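Subject: Structure handover

Hello,

Here is the structure you asked for, with my notes below it. Please have it open while you read.

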Amino acid sequence: MKHLRSIDLVVVSAVTLLSFTVTIFGVDNTLVRATSGLPLVLLLPGYAALAALFPSRRFGAIERLVLSIGVSIAITILGGLLIHVTPWGLQHYSWVSLLGGLVLLGTAVAAVRRSDNFCLTMQSIRFKRVDAFVLGLALTVLVAGGAVAVYAAQYQYTPDYASLWMLPSEDVENSVRIGVRNGSWATTYRLRIRTGDETIREWSSLSLEEEERWEVTVSLPSEITEDNPVEALLYVEDHLVEPEFHVYWWFEGIKNADDISLSISFQWT
Amino acid sequence: VHNVVRDLRRYVLFAVVLFGAVLTVHWGFTSKLRSRRSEGPTSSGHPYTPHRGVVDSRNLSVERIASTVAAPPSVEERTAVELGRFPALALTTAIGLLFVALAYLAGHTETTGAVHLFWVGILTVFVPCAARIISSQSTRTERILLLVLLGLGLYLVKIFHSPVGFTFYDEFSNWRSVNDIVKSQQLFNTNPLHRVSHLYPGLPAVVTGTMNISGLGIFPSGIIVIGIARVTLILATYLVFEQLTSTSRTAGIATLVFMANPTFVFFNAQVAYESLGWPIAAITMFAAVKHVQRPKDPLRLVVAVVGVAALTVTHHLTSYALVALLLLWTGVHVIHKRTLRDGPALIALLGVISILLWFLVSSSVIEYVRLPIGRAANELTQVLSGEVPSRQLFRDYAGHMPPFWERAIAYAGAGVVLLGIPIGLWRIWKRYRSNTLLVALATVALAYPLPLGLRFLVYGNEIGNRTTGHMFFAVSLVFAIAVITAARVLPSAARLVFITGIIAVVFVSGVSTGWAHWSRLSGPYLVAADTRSVESQSIQVAVWARDELGAGNRFATDRTNRQRLASQGEQDPVSFTAGDTVDTSSVFFSREFGPIEIEALRVGGIEYLVVDRRLASGLPMVGFYFEPGEDNAYRHQTPVAPDALAKFDGVQGVNRIFETKDIVVYDVRAVTNEAP
């Protein structure tokens, strides 16, 4: 058993200041931010509040933990409502200022109010070597289970399928943007753009790698009427009888027709 | 991978051998130490019987218990903490979770035996920990450690189900709420997936705060917040039960039974507002119990009041349930003590005021709560008058049933609890009737059969499930007292097996009835099946819509794609259940696209339609494709007609702008006059 008067308040303040610093200076290290930030939201506000309001009370370890987390969550919820009505809104500066400020204020008040004969009771855990071995084994098996779960979850999001889309271009008048996003396998396509029976443009061999994205802007000819939509048909190379995908757009007729022009972009996603 | 999962029997055998070997080695190592160790009292200052951890609490009132609980640390607390069987049981828990993960993999690969592997895994998590918690040889510290271990183990069952992203239904609406808060830096943004969730911003506020300060993404932040909240829930529940019964063992068993409730493993492990509401309610209850024990001490009153306030803005039903319990407790207190003083009246009153004040912000929740209750009441009348048949238990809306043994255990679990309640009530009356909160909880447990009856209704089923979960806080303690009482007639050697077996049956029953069998395991796409409908195509459409169309467009689509569009896609899909005034389901069911359909789209301000052709491939697992109020909802006999879904093709003015394997997006702004 160790008797340390305010070591807990020092640790709490240090973690808070660390979190405050990394947030304010935008430290881009997730491990540091998460390690210091998670306690600042979920543990320290309640701990500091209990220490400040009830400086001489003896809590059991479990009771202190439960009340610290519970009060922290409550403070974060009610603090969120408070920040909501401020001009700054819910952003990282306002969060860290509110919660960090409360924690530092709480620890300062607790440090002043704690009596000289206050002592923090800390329990040690008797660890045998076999316990450490078994816990290490448990952790290993758990990590293995997690790896299997993550591997299994990939099935939920695969395979990725190809897609075709067409939208009027906002940048180039009387033109459409057409895009193809490939799926999980490298594939060669044939893309045909037509209106009625007239082919506007055709790509007979469009080879795309896995998950590659291809986009083109096509200016439309003057013959476009409101009776026939502008269609894009995407065929897979080994199955040219029916289009794999088919999209179209009904135009009300093109008044200022330009020659067909192309703007093609490739993008890996 | 197929080969690994195929031969499940070998792995089960391997697990059993490994488990046995680990326990043997561990117990062998620790037996010498155990024989030397003196078995001290199990809690600070409690009049526990050494070696048994059982308190002789006859004639102990709450006040008497309070005076003992607040005593200085005992000898045990001042010595080092013994881990007991914790390391070995951590290993069995990890092994169980490995099996659960393999079951999920087997589900995805459609390997036979996945269901059995899941149950082997989850029982490997539950049973060994339960047995040790129930054992009278455990110390209080070990029991608490094991409860936390088990609680986290069961939480990981859900996390392993979806370890890389949200897949549960309510998680998507929370995702949308958090996303809106991060973008707008304001609370109370209307949520297109949920009518009232934006009026209860407790969870989104905590998740947003966690994200902003820790720099983590929404998914890790969400699961960490709920994970820590669940640990707190377990500990607070244990502490409440320990205060009431003054025995670590009974409190441990009651907490164990609480974890066997139908909503614990999956439903309340979601990153959703009820999942945070429960822990806050449990902590508030603990503070209230402590306050009643020491009314002059302001600490717990402060915590209880802060807890009630935080709960009020976090989850409506949980706050109502807590305040109802506090009022009932106050009533029992007044009857018993003939005074309001020294009871929970003040906290109950503040709870009522808190809820009433919040109604000023969230008045629409009344309609939200009234709607399903009204539907259930209406259906009950129809069932009783024979107009409609009652819901067939366990059968999903596509006509599938879980295996017979699972149904049998589910019935057995419910039956055992129903049988146990009278025994528990009798015991409470005999021994604890001066304990006003225990009497209040016993009164709640009396009403337990009512939500079970609601399961025979289509619209009452969800109400029944949620109510069962809330009532289990009371039922678990009454039932724990019952099983301990019943076990006394057995020889001491058989008691551990008896209690463990009974609680394991209740646990299996809870998991079976609390979460649909097709949703428990991962697997290939199913129509309108929430977690089983999450796959790449819907996500691809949502991401494309966000990138190419921008955020905030009005879409009409089915339930599954609506979730993706509103969360990942940042769109505003129309949803009657989320408060829109138009139900667009008829637009999709109709075989023609005429003036009625166009008018429905116009009223809803619809700009885009998303048509998922897979809807024509099967019946909806949740009972409906689009909205709970759609034609033939919960009674679909045939899937949506394929030509009904294809009717938009070729209609002049309806632009077909996106197609992937099974999903097509149409731009209908030209026909609904919603042109930008």
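How many salt bridges are there between chain B and chain A? The count is three. Please keep in mind throughout that this is a predicted model.

One of these salt bridges pairs A:Glu63 with B:Lys290, and its closest N and O atoms are 4.0 Å apart. A:Glu63 belongs to helix 4 (residues 61-84) of chain A and B:Lys290 to helix 12 (residues 273-293) of chain B, so this pair joins two chains. Over all chains, the structure holds 33 salt bridges.

The interface

The contact involves 88 residues of chain A and 108 residues of chain B. The size of an interface is often given as the accessible area lost when the parts come together. Here chain B and chain A bury about 8,100 Å² between them, and carbon and sulfur atoms account for 70% of that area.

Polar contacts across the interface of chain B and chain A number 24 residue pairs, counting pairs with both residues at pLDDT 80 or more. On the side of chain B that touches chain A, helix 5 (residues 86-108) of chain B gives the most, with 14 residues. Sorted by class, that side of chain B has 65 nonpolar residues, 27 polar residues and 16 charged residues.

There is also strand pairing between the chains. Strand 3 (residues 125-126) of chain A and strand 3 (residues 81-82) of chain B run parallel and are joined by two bridges. In one of the pairings, A:Ile125 has B:Val81 as its bridge partner.

Within chain A

Strand 6 (residues 187-195) and strand 7 (residues 198-208) of chain A run antiparallel, with eight bridges joining them. A:Leu191 has A:Trp203 in strand 7 of chain A as its bridge partner. The two strands form a hairpin with two residues between them, and A:Gly196 in the turn has a positive phi of about 60 degrees.

Backbone points to check

Two places are worth a look. The peptide bond that joins A:Thr158 and A:Pro159 is cis, with omega about 0 degrees. A:Pro159 sits in the loop between helix 6 (129-153) and strand 4 of chain A.

In chain B, B:Arg338 is not a glycine, yet its phi is positive, at about 60 degrees. B:Arg338 lies in the loop between helix 14 (316-337) and helix 15 (345-359) of chain B.

Confidence

For the complex, the predictor gives an ipTM of 0.88 and a pTM of 0.88.

Chain A has an average pLDDT of 85, and 88% of its residues score at least 70.

Chain B has a mean pLDDT of 87, with 88% of its residues at 70 or more. Its residues 31-78 have a pLDDT below 50, and this stretch has 84 contacts in the model beyond near neighbours in sequence.

Regards

Note on methods:
Residues are numbered from 1 along each chain as its sequence is written. Chains are lettered from A and ligands numbered from 1 in the order in which they are written. This is a predicted model: local features need pLDDT of at least 70, side-chain atom pairs count only at pLDDT 80 or more; totals for chains, interfaces and linings use all residues. Side-chain values use heavy atoms; hydrogens and water are left out. Contact means heavy atoms within 4.5 Å. Buried area is the accessible area (1.4 Å probe) that two parts lose on being put together, summed over both. A salt bridge is a side-chain nitrogen of Lys or Arg within 4 Å of a carboxyl oxygen of Asp or Glu. A polar contact is a pair of N or O atoms within 3.5 Å; within protein, one must be able to donate a hydrogen and the other to accept it, and residues adjacent in sequence count only if both atoms are side-chain atoms. Helices (H or I, at least four residues) and strands (E, at least two) are DSSP runs, numbered from the N terminus. Ala, Val, Leu, Ile, Met, Phe, Trp, Tyr, Cys and Pro count as nonpolar, Asp, Glu, Lys and Arg as charged, and the others, Gly among them, as polar. Two strands pair if DSSP finds at least two bridges between them. pLDDT is the predictor's confidence in each residue, from 0 to 100.
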